[in-house]
Amino acid sequence: MARFLIAGGAGFIGSHLCERFLGEGHEVVCVDNLITGSLENISDIKSPKFTYIERDITKGLMDIKGPFSYVMNFASPASPPDYLKYPVETLLTGSLGTHACLDVALRDKAVFMIASTSEIYGDPEINPQKETYWGNVNSIGPRSCYDEAKRYAEAATMAYHRKHGVDIRLLRIFNTFGPNMRVEDGRAVTNFVCQAVRGDDLTVYGDGSQTRSFCYVTDMVEGIVKLLYSNVTEPVNIGNPAEMTILELANVVLERTGSSSKITFHDLPQDDPKKRRPDISRAKEKLGWEPKVNLKEGLRKTIDYYLTKLEV
């Protein structure tokens, strides 16, 4: 049995990880300040091996009794509406919060995983994006609070690895969807599904020609676990390389929900990436991982989830 410390464990992906590791028989300590996480995501967990601590990780974690085998930092607002609402908190979570998690990993000689993001590539000039690409980020733009927080978190993680020998995993997450995303999350899949189910207009930003690649959460969790249990210390993209335009996604959601909602177009936010698609060659080669759930299957499960959450 191993012990896991999961910062952001009441969030979207973090809550799925809590369930996964408890299902493997491990002990899990979940830390979350609930800015964007939700107790509802972990309310069904009844295991005596599970502990929840409400805490802002920027305040420190060294008082939490170890030892831990794995420390995983998944704490951060992750959707544009959230990190634009909490820009300072996002920056502090990526910096002070990451140091707090790294200090626990250093203390306990634990494996440390940072949940980084495809956003570190900014508005990329290459497509698909490889881990060797340094990115095209506007360091003073409105999205920079998130992009630069994650870039700093990666730098801090590498510094602890080089100076202190901390065993690290650098996870770069691409667009992910599925159950446990908040209704008001603000990302494309959530917006479109909830709007379609309610009969509201689907809001597409720009002309909808910008592309994304959507990975269902069970595939994401499997990739995360394979990376965590590996010995790979270089950055690894985890995501679905099946690229599509936002307008195509909106039409697929309308088809899958049977909604008569209309599509409306709105101004494109500043620095919104035109392309987003992972090169997963490294994940295939080093981890033997690739996604298995296609978009339509993942949408069916996601729609079923939101039908239980929405009053329609």
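Student: Where does Pro 67 lie?

Tutor: The model is predicted, so local features need pLDDT of at least 70 and side-chain atom pairs count only at pLDDT 80 or more, whereas totals for chains, interfaces and linings use all residues. Residues are numbered from 1 along each chain as its sequence is written, and side-chain values use heavy atoms, with hydrogens and water left out. Helices (H or I, at least four residues) and strands (E, at least two) are DSSP runs, numbered from the N terminus. On that assignment, Pro 67 lies in the loop between β3 and β4 (70-73).

Student: Is the peptide bond from Gly 66 to Pro 67 cis or trans?

Tutor: Most residues other than glycine have a negative phi, and most peptide bonds are trans. The bond from Gly 66 to Pro 67 has omega near 0°, which makes it cis.

Student: And where is Pro 128 found?

Tutor: The peptide bond from Asn 127 to Pro 128 is cis, with omega near 0°. Pro 128 is found in the loop between β5 and α4.

Student: Phi of Leu 34 is near what value?

Tutor: Leu 34 lies in the loop between β2 and β3. Buried means under 20% relative accessible area, exposed over 50%, and partly exposed in between (1.4 Å probe, protein chains only). Leu 34 has 23% and is therefore partly exposed. Its phi is positive, in a residue other than glycine, and near 65°.

Student: Where is Asp 271 found?

Tutor: Asp 271 has a positive phi near 65°, in a residue other than glycine. Its relative accessible area is 28%, so Asp 271 is partly exposed. Asp 271 is found in the loop between β13 (263-266) and α8 (281-287).

Student: With which residues is Arg 143 in contact, leaving aside its neighbours within four places in sequence?

Tutor: Arg 143 is placed in the loop between β5 and α4 (144-164), and a relative accessible area of 8% means that Arg 143 is buried. Contact means heavy atoms within 4.5 Å. By that cut-off the partners of Arg 143 are Pro 80, Tyr 83, Glu 119, Gln 270, Asp 271, Asp 272 and Pro 273.

Student: How many Å separate the C-alpha atoms of Arg 143 and Asn 127?

Tutor: Arg 143 and Asn 127 are 16 residues apart along the chain. Between their C-alpha atoms the separation is 20 Å.

Student: Is Phe 112 buried or exposed?

Tutor: Phe 112 lies in strand β5 (residues 111-117). Not counting residues up to four places away in sequence, Phe 112 touches a list of residues including Val 71, Leu 102, Ala 105, Val 166 and Ile 168. Its relative accessible area is 0%, so Phe 112 is buried.

Student: Which residues is Thr 36 in contact with, leaving aside its neighbours within four places in sequence?

Tutor: Thr 36 is found in the loop between β2 (27-32) and β3 (50-54). At 18% relative accessibility, Thr 36 counts as buried. The contacts of Thr 36 are Ser 76, Pro 77, Asp 82 and Arg 182.

Student: How many disulfides does the structure hold?

Tutor: A disulfide is a pair of cysteine sulfur atoms within 2.5 Å. The count for this structure is zero.

Student: Which cysteine sulfur is nearest to that of Cys 18?

Tutor: Cys 18 is in no disulfide, and its relative accessibility of 0% means that Cys 18 counts as buried. At 4.4 Å, the nearest cysteine sulfur is that of Cys 30.

Student: How far is the sulfur of Cys 194 from the closest cysteine sulfur?

Tutor: Cys 194 is buried, with a relative accessible area of 3%. The closest cysteine sulfur is in Cys 215, too far for a bond, at 19 Å.

Student: What radius of gyration does the protein chain have?

Tutor: The radius is taken over C-alpha atoms, and the globule rule is 2.2 Å times the number of residues to the power 0.38. For 312 residues, a compact globule would have a value near 20 Å. The protein chain agrees with this, at 19 Å.

Student: How many helices and strands are there in the protein chain?

Tutor: Of the 312 residues, 57% count as buried. Among contacts between residues at least 6 apart in sequence, 80% join residues at least 24 apart. The elements of the protein chain are nine helices and 13 strands.
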